[in-house]
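This report walks through one protein model, from the whole chain down to single side chains. Have the structure open while reading.

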Amino acid sequence: LSVVVSYLIILTAAISLGIFGPRRVLSLAVVIGGIIISAAILLSLMPDYFHYRLMFILHPELEPSSIGYIGSIIREIVANAKFIGTSDHVVTAIGRGADFINEFLLSIKWDFLLTIIIHRYGWLSAITVVLVLVNFIITGFRQVFSLGSALGKLLGCGLMASFTVQIAAYVFYNIGIIVGGPLPLPFISAGNTCLVINLAMAGML
């Protein structure tokens, strides 16, 4: 999914640069229309198991003891967090208290750093972190589109698309919208491979 989104961002940038001809609005309309139609066809052809998984991604509280375990806990933690300060909420989905929340978050801390911030310091701190990440994305795309070379713009869009998808997926994952495995938060999450790759992409930018 992250690769598909990145390719779509690059394709949109290529159309906006006029690489596929002067009719940019028509080209964008064709791309957007094709995406919508393709998504509708794929959803209609997917087996029942896929719709079953999708239902629990959107509503993990329906099955908190199995497939929706992590999602239901994360959603309850963020829903009961304070605007400023530490929350003392008890996770009613599985009947566990504040001590369990701390142990749970520490056991998966690199995947849920934003959730930990929301729980321990409040929504204000988490919003500040997200705004810093959004500023990084906006600044990066501005720098890319200020380049004089079309090839440089496309390469830069591809790199920034990767950062954007990683950050967006990480934020959604940390508020309980869990689709697949977690993506790393660029430059922060543990893991030598992802850190080296992200630093290499930042160097290319």
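## Contacts and confidence

Consider contacts in the protein chain between residues at least 6 apart in sequence: 56% of them join residues at least 24 apart. The model is predicted. Its mean pLDDT over the protein chain is 78. Of the residues, 82% reach 70 or more.

Helix H7, residues 123-145, has the highest mean pLDDT, at 91. Helix H5, residues 98-107, has the lowest, at 65.

## Fold and surface

The secondary structure comes to 9 helices and 0 strands. Along the sequence the pattern reads α-α-α-α-α-α-α-α-α.

The protein chain has 205 residues, and 30% of them are buried.

## A nonpolar surface patch

Which residues form a nonpolar patch on the surface? They are Leu42, Leu43, Met46, Phe50, Leu54 and Leu58. Together they have about 490 Å² of accessible area.

Two helices each supply at least two residues of the patch: H2 (24-45) and H3 (48-58). H3 gives the most, with 3 residues. Phe50 is found in helix H3. Its relative accessibility is 31%, so Phe50 counts as partly exposed. The cut-off matters here: patch residues need over 30% relative accessible area.

A search of the whole structure finds 2 aromatic pairs. One of them is Phe136 with Phe163: the ring centres are 5.6 Å apart and the planes stand at 75°, so the pair is edge-to-face. Angles over 60 degrees fall in that class. The pair links distant parts of the chain, with Phe136 in helix H7 and Phe163 in helix H8 (residues 150-174).

Are the two partners buried or exposed? Phe163 has 0% relative accessibility and therefore counts as buried. Phe136 has 29%, so it counts as partly exposed. The limit for buried is under 20%.

## Around Phe136

Phe136 lies in helix H7. What does it touch, not counting residues up to four places away in sequence? The list is Met160, Phe163, Ile167 and Phe187.

Take Met160 from that list. Phe136 and Met160 are 24 residues apart in sequence. Their C-alpha atoms are 9.7 Å apart in space.

## Around Gln166

Gln166 also has its place in helix H8. Its relative accessibility is 9%, so Gln166 counts as buried.

Which residues are in contact with Gln166, leaving aside its neighbours within four places in sequence? They are Leu183, Pro184, Pro186, Asn198 and Met201.

## Recap

The chain has 9 helices and 0 strands. H2 and H3 each supply at least two residues of the nonpolar patch. In H8, Gln166 is in contact with residues including Leu183 and Met201.

Notes:
Residues are numbered from 1 along each chain as its sequence is written. This is a predicted model: local features need pLDDT of at least 70, side-chain atom pairs count only at pLDDT 80 or more; totals for chains, interfaces and linings use all residues. Side-chain values use heavy atoms; hydrogens and water are left out. Patches are made of residues with over 30% relative accessible area and no salt bridge: like charges are joined within 9 Å, nonpolar side chains (Val, Leu, Ile, Met, Phe, Trp, Tyr) within 5 Å. Accessible areas come from the Shrake-Rupley method with a 1.4 Å probe; for residues, only the protein chains shown count as cover. A salt bridge is a side-chain nitrogen of Lys or Arg within 4 Å of a carboxyl oxygen of Asp or Glu. Helices (H or I, at least four residues) and strands (E, at least two) are DSSP runs, numbered from the N terminus. Buried means under 20% relative accessible area, exposed over 50%, partly exposed in between (1.4 Å probe, protein chains only). pLDDT is the predictor's confidence in each residue, from 0 to 100. Contact means heavy atoms within 4.5 Å. Rings of Phe, Tyr and Trp (its six-membered ring) pair if their centres lie within 6.5 Å; planes under 30 degrees apart count as stacked, over 60 as edge-to-face and the rest as tilted.
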